[in-house]
Amino acid sequence: MFKELDPLLHSQLRLAVMSLLISVEEAEFTFIKEKTGATAGNLSVQIDKLKQAGYITVNKSFRDNYPLTQCKITKKGIKCFEIYVENLKSYLKPA
Amino acid sequence: MEFNEKQALQVIEEMISKTKSDMKDNSFYYLLWGWIVFIAAITNYYLLAFTNFEYHSIPWMILIPIGIIITIIGGIRSKKEERVKTYIGSSMKYIITAFWVSIMVISFTMPMGDQWKAFYPTFMVLYAIWLYISGGILKFKPFIYGAVLNWILAGVCYIWHDSGVHLLFISLAVLGGYIIPGYMLKMSYNRNVQRA
């Protein structure tokens with residue numbers, strides 16, 4: 001039986017962001033932008049949605065007078081990502 | 001356009017492999033310190049064995065501070081350039097700190113306590129620990145072989161007390177543990193970059 005997929009994660013860019021953050025401790029916005037190939041505007045919107053859901057934390061600061069945005073996955077984010085992957089398996093198993 | 005389950009799996013795989021391929025070129029510090037210790041030890045050996053020069057250990061006093069300055073500048077610069085913090089990177093920092101503190105303790109206290117017989121072999125034991133751990137974490141076998149070489153040479157030096165032999169052995173230890181594996185690491189990094 002197919003299990004419901006978390007709609008917040010079942011989106012190409014948000015899932016890409018979460019997949020990047022699950023394998024690292026912390027990543028800068030520019031790193032995520034480069035790896036996902038997304039536009040800064042779109043990425044900001046999706047990161048904000050993940051932050052609102054409590055899946056990631058976003059830390060804004062400055063480095064050498066330039067704004068610096070660092071993203072980190074939360075425990076809730078890890079748990080939801082694991083559940084998403086687990087549920088995804090039910091779709092991919094041969095019938 | 002609908003985002004289906006197969007595409008979701010592809011996204012996950014692609015992103016995880018992208019963080020894996022983003023490994024930094026770590027060879028610089030292995031090569032820097034490998035060459036510094038190698039040149040200092042060989043020059044020290046030459047001055048000791050073939051000249052009457054009183055201050056035969058002077059190469060260390062010149063080269064080590066240069067190495068420390070380059071390492072500090074490089075460390076500050078790479079911290080500024082660091083855009084992603086990995087779990088491996090964070091654990092390596094603890095190991096590097098432990099290694100450096102141990103090196104500093106030995107460098108300052110052993111000569112003060114006149115412990116010259118054990119001086120170089122103790123360095124080799126520390127090199128071996130560092131090489132073994134970093135070889136394991138980076139999954140890079142040449143460092144593991146380098147560690148074994150350093151353990152063997154250290155063992156021989158603890159038994160065979162001869163300053164000249166110790167200097168030749170430490171240069172051999174860094175050649176096999178740092179310089180050769182350092183160039184191999186650089187080559188494998190360049191190959192990965194070309195492939196990516």
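A: Two strands count as paired if DSSP finds at least two bridges between them. Strands (E, at least two residues) and helices (H or I, at least four residues) are DSSP runs, numbered from the N terminus. This is a predicted model: local features need pLDDT of at least 70, side-chain atom pairs count only at pLDDT 80 or more, and totals for chains, interfaces and linings use all residues. Residues are numbered from 1 along each chain as its sequence is written, while chains are lettered from A and ligands numbered from 1 in the order in which they are written.

Start with the pairing between chains. A27(A) has V84(B) as its bridge partner in strand 1 of chain B. E26(A) stands opposite K85(B) in that strand of chain B.

Strands of a sheet pair through backbone hydrogen bonds, either parallel or antiparallel. Here the sheet is open, with 4 strands in the order 2(A)-3(A)-1(A)-1(B), and its pairing is antiparallel. The edges are strand 2 (56-63) of chain A and strand 1 of chain B, each pairing on one side only.

Now the pairing within chain A. Strand 1 of chain A is joined to strand 3 of chain A by 2 bridges, again antiparallel. A27(A) stands opposite C71(A) in strand 3 of chain A. So what does A27(A) face in strand 1 of chain B? V84(B) is its bridge partner there.

Strand 2 of chain A and strand 3 of chain A pair over 8 bridges, in the antiparallel sense. F62(A) stands opposite P67(A) in strand 3 of chain A. The two strands form a hairpin with 2 residues between them. In its turn, D64(A) has a positive phi of about 50°. Helix 1 (residues 12-22) of chain A lies across strand 1, strand 2 and strand 3 (66-73) of chain A. It runs at about 80° to strand 3 of chain A. Angles run from 0 to 180 degrees between N-to-C directions of axes, which are lines fitted to C-alpha atoms, for helices over the stretch in contact.

Next, the whole meeting of the chains. In all, 16 residues of chain B are in contact with 19 residues of chain A; contact puts the C-beta atoms, placed from the backbone, within 7 Å. Helix 1 (5-20), strand 1 (84-85) and helix 4 (87-112) of chain B each give two or more residues to the chain B side. Helix 1 of chain B supplies the largest share, 9 residues. By class, this side has 9 nonpolar, 3 polar and 4 charged residues. Nonpolar means Ala, Val, Leu, Ile, Met, Phe, Trp, Tyr, Cys and Pro; charged means Asp, Glu, Lys and Arg; the others, Gly among them, are polar.

Chain B has 7 helices and 1 strand. From the N terminus on, its elements run α-α-α-β-α-α-α-α. Its C-alpha trace spans about 80 × 30 × 30 Å along its principal axes.

Helix 4 of chain B deserves a stop. Its end C-alpha atoms are 38 Å apart, which agrees with the 38 Å that its 26 residues should span at 1.5 Å a residue; the expected span is 1.5 Å times one less than the number of residues. None of it counts as buried: the number is 0 of 26, so helix 4 of chain B lies largely in the open. Buried means 20 or more other C-beta atoms within 10 Å of a residue's own, all placed from the backbone; exposed means 12 or fewer, and partly exposed lies in between. Just after this helix, D114(B) takes a positive phi of about 55°.

Helix 4 of chain B packs with helix 5 (residues 116-137) of chain B at about 180°, their axes 10 Å apart. The contact has 14 nonpolar, 2 polar and no charged residues.

Notes. Contact = placed C-beta atoms within 7 Å.
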